[in-house]
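Please read this briefing alongside the sequence and the 3D structure, which are shown just below. The points are grouped by topic.

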Amino acid sequence: MWSAGPARRVPDGGRPAALRPGFHLTPGMRVGLYGGSFNPAHEGHAHVAETAKRRLNLDRVIWLVSPQNPLKTRHETADLAERMAGARSLAKGPGMIVSDVESRLGSAYTIDTVRALKRRFPGVKFVWIMGADSLASFHRWRGWVQIMRETPVAVVSRPWISLKSRFSPAALRFASYRLPSTAALRLADAKPPAWVFLFGRFNFLSSTALRERLKRLRP
(Lines give C-alpha, C1' and ligand atoms only; values in the text may rest on other atoms or scores of the structure.)
Protein backbone atom coordinates (compact mmCIF):
# COMPACT_ATOMS: atom_id res chain seq x y z
CA MET A 1 0.00 0.00 0.00
CA TRP A 2 1.41 3.37 -1.01
CA SER A 3 1.62 5.94 1.76
CA ALA A 4 2.36 9.64 1.84
CA GLY A 5 4.38 8.98 4.96
CA PRO A 6 4.09 10.19 8.53
CA ALA A 7 3.84 13.86 9.35
CA ARG A 8 6.39 15.55 11.54
CA ARG A 9 5.14 17.64 14.43
CA VAL A 10 5.19 21.32 13.54
CA PRO A 11 5.09 23.78 16.46
CA ASP A 12 2.70 26.69 16.11
CA GLY A 13 4.40 28.69 18.84
CA GLY A 14 5.86 31.95 17.62
CA ARG A 15 2.91 32.52 15.31
CA PRO A 16 0.78 35.22 16.98
CA ALA A 17 -2.08 34.60 14.56
CA ALA A 18 -2.29 30.99 15.77
CA LEU A 19 -3.68 32.31 19.07
CA ARG A 20 -6.41 34.24 17.22
CA PRO A 21 -8.22 31.64 15.08
CA GLY A 22 -11.16 33.97 14.35
CA PHE A 23 -13.79 31.86 16.11
CA HIS A 24 -14.58 30.78 19.66
CA LEU A 25 -15.31 27.25 20.84
CA THR A 26 -16.09 26.00 24.34
CA PRO A 27 -15.34 22.63 25.96
CA GLY A 28 -17.99 20.01 25.26
CA MET A 29 -18.90 21.40 21.86
CA ARG A 30 -19.22 18.93 19.00
CA VAL A 31 -17.41 20.53 16.05
CA GLY A 32 -16.94 19.30 12.50
CA LEU A 33 -13.79 20.30 10.62
CA TYR A 34 -14.44 20.40 6.88
CA GLY A 35 -11.28 21.13 4.94
CA GLY A 36 -10.74 21.78 1.27
CA SER A 37 -9.66 24.13 -1.48
CA PHE A 38 -13.27 25.07 -2.31
CA ASN A 39 -12.00 26.00 -5.75
CA PRO A 40 -14.73 27.03 -6.33
CA ALA A 41 -17.20 26.27 -3.55
CA HIS A 42 -20.48 24.77 -4.78
CA GLU A 43 -23.73 23.21 -3.55
CA GLY A 44 -22.05 19.81 -3.28
CA HIS A 45 -19.80 21.20 -0.54
CA ALA A 46 -22.80 22.63 1.27
CA HIS A 47 -24.53 19.25 0.98
CA VAL A 48 -21.59 17.49 2.66
CA ALA A 49 -21.37 20.07 5.47
CA GLU A 50 -25.11 20.13 6.13
CA THR A 51 -25.44 16.34 6.01
CA ALA A 52 -22.61 15.90 8.52
CA LYS A 53 -23.96 18.59 10.84
CA ARG A 54 -27.43 17.07 10.90
CA ARG A 55 -26.49 13.38 11.07
CA LEU A 56 -23.73 13.85 13.68
CA ASN A 57 -25.68 16.44 15.73
CA LEU A 58 -22.81 18.94 15.57
CA ASP A 59 -22.84 22.37 17.19
CA ARG A 60 -20.55 23.88 14.56
CA VAL A 61 -19.06 23.00 11.18
CA ILE A 62 -15.90 24.94 10.34
CA TRP A 63 -15.09 25.19 6.65
CA LEU A 64 -11.27 25.23 6.61
CA VAL A 65 -10.40 26.96 3.35
CA SER A 66 -6.90 25.78 2.48
CA PRO A 67 -4.36 28.44 1.43
CA GLN A 68 -2.95 25.91 -1.04
CA ASN A 69 -3.69 22.21 -1.49
CA PRO A 70 -0.29 20.41 -1.52
CA LEU A 71 -1.68 17.96 -4.12
CA LYS A 72 -2.58 20.75 -6.56
CA THR A 73 -0.57 23.39 -8.38
CA ARG A 74 -0.89 27.10 -7.62
CA HIS A 75 -1.85 28.08 -11.15
CA GLU A 76 -5.06 26.04 -10.91
CA THR A 77 -6.05 27.47 -7.50
CA ALA A 78 -7.95 30.74 -7.22
CA ASP A 79 -7.03 33.47 -4.74
CA LEU A 80 -7.82 32.64 -1.10
CA ALA A 81 -10.09 35.66 -0.66
CA GLU A 82 -12.12 34.62 -3.70
CA ARG A 83 -12.52 31.06 -2.42
CA MET A 84 -13.43 32.31 1.08
CA ALA A 85 -16.14 34.52 -0.40
CA GLY A 86 -17.52 31.61 -2.40
CA ALA A 87 -17.65 29.39 0.68
CA ARG A 88 -19.37 32.11 2.73
CA SER A 89 -22.08 32.43 0.09
CA LEU A 90 -23.01 28.79 0.69
CA ALA A 91 -22.29 28.22 4.39
CA LYS A 92 -25.32 30.16 5.56
CA GLY A 93 -26.97 27.76 7.96
CA PRO A 94 -26.77 28.11 11.75
CA GLY A 95 -23.46 26.94 13.16
CA MET A 96 -21.58 27.20 9.86
CA ILE A 97 -18.21 29.00 10.05
CA VAL A 98 -15.88 29.76 7.13
CA SER A 99 -12.30 30.11 8.34
CA ASP A 100 -8.81 30.98 7.12
CA VAL A 101 -7.26 29.48 10.25
CA GLU A 102 -4.85 27.35 8.20
CA SER A 103 -3.33 30.54 6.80
CA ARG A 104 -3.13 31.97 10.32
CA LEU A 105 -1.39 28.82 11.54
CA GLY A 106 0.88 28.58 8.53
CA SER A 107 -0.39 25.03 8.15
CA ALA A 108 0.03 23.21 4.84
CA TYR A 109 -1.25 19.84 6.02
CA THR A 110 -4.46 18.66 7.66
CA ILE A 111 -2.64 16.75 10.38
CA ASP A 112 -0.93 19.96 11.57
CA THR A 113 -4.26 21.84 11.57
CA VAL A 114 -6.05 19.14 13.56
CA ARG A 115 -3.31 18.96 16.18
CA ALA A 116 -3.13 22.75 16.51
CA LEU A 117 -6.89 23.10 16.99
CA LYS A 118 -6.96 20.30 19.56
CA ARG A 119 -4.26 22.11 21.54
CA ARG A 120 -6.00 25.46 21.17
CA PHE A 121 -9.44 24.16 22.20
CA PRO A 122 -9.04 21.35 24.75
CA GLY A 123 -12.30 19.65 25.59
CA VAL A 124 -13.89 20.31 22.20
CA LYS A 125 -15.04 17.14 20.43
CA PHE A 126 -13.71 17.48 16.90
CA VAL A 127 -14.76 15.34 13.92
CA TRP A 128 -13.04 15.50 10.54
CA ILE A 129 -15.55 15.69 7.65
CA MET A 130 -14.89 14.70 4.06
CA GLY A 131 -16.74 13.65 0.94
CA ALA A 132 -16.34 10.14 -0.41
CA ASP A 133 -14.17 11.53 -3.22
CA SER A 134 -11.62 12.61 -0.60
CA LEU A 135 -11.67 9.18 1.08
CA ALA A 136 -10.72 7.60 -2.26
CA SER A 137 -7.46 9.58 -2.30
CA PHE A 138 -6.99 9.94 1.45
CA HIS A 139 -3.92 7.66 1.44
CA ARG A 140 -2.09 10.38 -0.55
CA TRP A 141 -2.46 12.90 2.28
CA ARG A 142 0.57 13.58 4.49
CA GLY A 143 0.04 11.83 7.83
CA TRP A 144 -3.30 10.25 6.85
CA VAL A 145 -2.88 7.38 9.33
CA GLN A 146 -2.19 9.88 12.10
CA ILE A 147 -5.26 11.91 11.15
CA MET A 148 -7.43 8.82 11.66
CA ARG A 149 -5.84 8.34 15.07
CA GLU A 150 -6.24 12.00 16.10
CA THR A 151 -9.96 12.51 15.54
CA PRO A 152 -13.09 10.61 14.45
CA VAL A 153 -13.89 10.91 10.74
CA ALA A 154 -17.22 11.23 8.92
CA VAL A 155 -17.40 10.44 5.20
CA VAL A 156 -20.42 11.67 3.23
CA SER A 157 -21.43 9.81 0.05
CA ARG A 158 -20.71 11.49 -3.29
CA PRO A 159 -21.82 10.38 -6.78
CA TRP A 160 -19.72 8.03 -8.93
CA ILE A 161 -17.00 7.56 -6.30
CA SER A 162 -18.82 6.22 -3.24
CA LEU A 163 -18.38 2.52 -4.04
CA LYS A 164 -14.72 2.91 -5.04
CA SER A 165 -13.98 4.95 -1.91
CA ARG A 166 -15.21 2.16 0.36
CA PHE A 167 -12.48 -0.08 -1.08
CA SER A 168 -9.76 2.57 -0.96
CA PRO A 169 -6.48 1.95 0.95
CA ALA A 170 -7.67 4.09 3.88
CA ALA A 171 -11.07 2.38 4.11
CA LEU A 172 -9.47 -1.07 3.99
CA ARG A 173 -6.76 -0.29 6.52
CA PHE A 174 -9.28 1.07 9.04
CA ALA A 175 -12.15 -1.27 8.15
CA SER A 176 -12.34 -2.69 11.67
CA TYR A 177 -12.84 0.82 13.10
CA ARG A 178 -15.80 1.71 10.90
CA LEU A 179 -19.01 2.26 12.84
CA PRO A 180 -22.46 1.62 11.36
CA SER A 181 -24.23 4.72 10.08
CA THR A 182 -26.79 4.21 12.85
CA ALA A 183 -24.01 5.13 15.30
CA ALA A 184 -23.40 8.53 13.67
CA LEU A 185 -24.88 10.44 16.59
CA ARG A 186 -22.20 9.11 18.93
CA LEU A 187 -19.24 9.49 16.56
CA ALA A 188 -18.06 12.74 18.18
CA ASP A 189 -17.82 10.90 21.50
CA ALA A 190 -15.93 7.93 20.07
CA LYS A 191 -12.26 7.33 20.74
CA PRO A 192 -10.29 7.46 17.46
CA PRO A 193 -9.69 5.71 15.24
CA ALA A 194 -13.42 5.65 14.47
CA TRP A 195 -15.28 6.58 11.30
CA VAL A 196 -18.67 6.36 9.63
CA PHE A 197 -19.84 6.41 6.03
CA LEU A 198 -23.02 8.48 5.69
CA PHE A 199 -25.29 7.56 2.80
CA GLY A 200 -27.83 10.02 1.47
CA ARG A 201 -29.07 11.80 -1.62
CA PHE A 202 -26.38 12.66 -4.15
CA ASN A 203 -25.39 16.16 -5.22
CA PHE A 204 -23.72 15.95 -8.63
CA LEU A 205 -21.87 19.28 -8.63
CA SER A 206 -18.06 19.23 -8.52
CA SER A 207 -15.36 21.90 -8.45
CA THR A 208 -13.56 20.28 -11.39
CA ALA A 209 -16.66 20.41 -13.58
CA LEU A 210 -17.32 24.03 -12.62
CA ARG A 211 -13.73 25.06 -13.47
CA GLU A 212 -13.98 23.36 -16.85
CA ARG A 213 -17.29 25.11 -17.54
CA LEU A 214 -15.74 28.49 -16.69
CA LYS A 215 -12.81 27.81 -19.04
CA ARG A 216 -15.22 27.12 -21.91
CA LEU A 217 -17.15 30.33 -21.22
CA ARG A 218 -14.05 32.54 -21.19
CA PRO A 219 -13.32 34.28 -24.53
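Pro 193 is found in the loop between strand S6 (178-179) and strand S7 (195-198), where strands (E, at least two residues) and helices (H or I, at least four residues) are DSSP runs, numbered from the N terminus. The peptide bond that leads from Pro 192 into Pro 193 is cis, with omega near 5°. This is a predicted model, in which local features need pLDDT of at least 70 and side-chain atom pairs count only at pLDDT 80 or more, while totals for chains, interfaces and linings use all residues. Residues are numbered from 1 along each chain as its sequence is written, and side-chain values use heavy atoms, with hydrogens and water left out.

**The loop between S1 and H1**
- Pro 40, found in the loop between strand S1 (30-36) and H1, is joined to Asn 39 by a cis peptide bond with omega near 0°.
- Phe 38 lies in the loop between S1 and H1, and it has a positive phi of about 50° although it is not a glycine.
- Most residues other than glycine have a negative phi, and most peptide bonds are trans.
- Phe 38 counts as buried because its relative accessibility is 3%, where buried means under 20% relative accessible area, exposed over 50%, and partly exposed in between (1.4 Å probe, protein chains only).

**Helix H1 and the residue after it**
- Ten of the 14 residues of H1 are buried, so the helix is largely enclosed by the rest of the structure.
- The buried residues of H1 include Gly 44, His 45, His 47, Lys 53 and Leu 56.
- H1 is followed by Asn 57, whose place is in the loop between H1 and strand S2 (60-65).
- Asn 57 is a residue other than glycine with a positive phi, near 55°, and it counts as partly exposed because its relative accessibility is 47%.

**Arg 88 in helix H2**
- Arg 88 lies in helix H2 (residues 80-90) and is partly exposed, with a relative accessible area of 48%.
- Although Arg 88 and Ala 41 are 47 residues apart in sequence, their C-alpha atoms are 8.8 Å apart in space.
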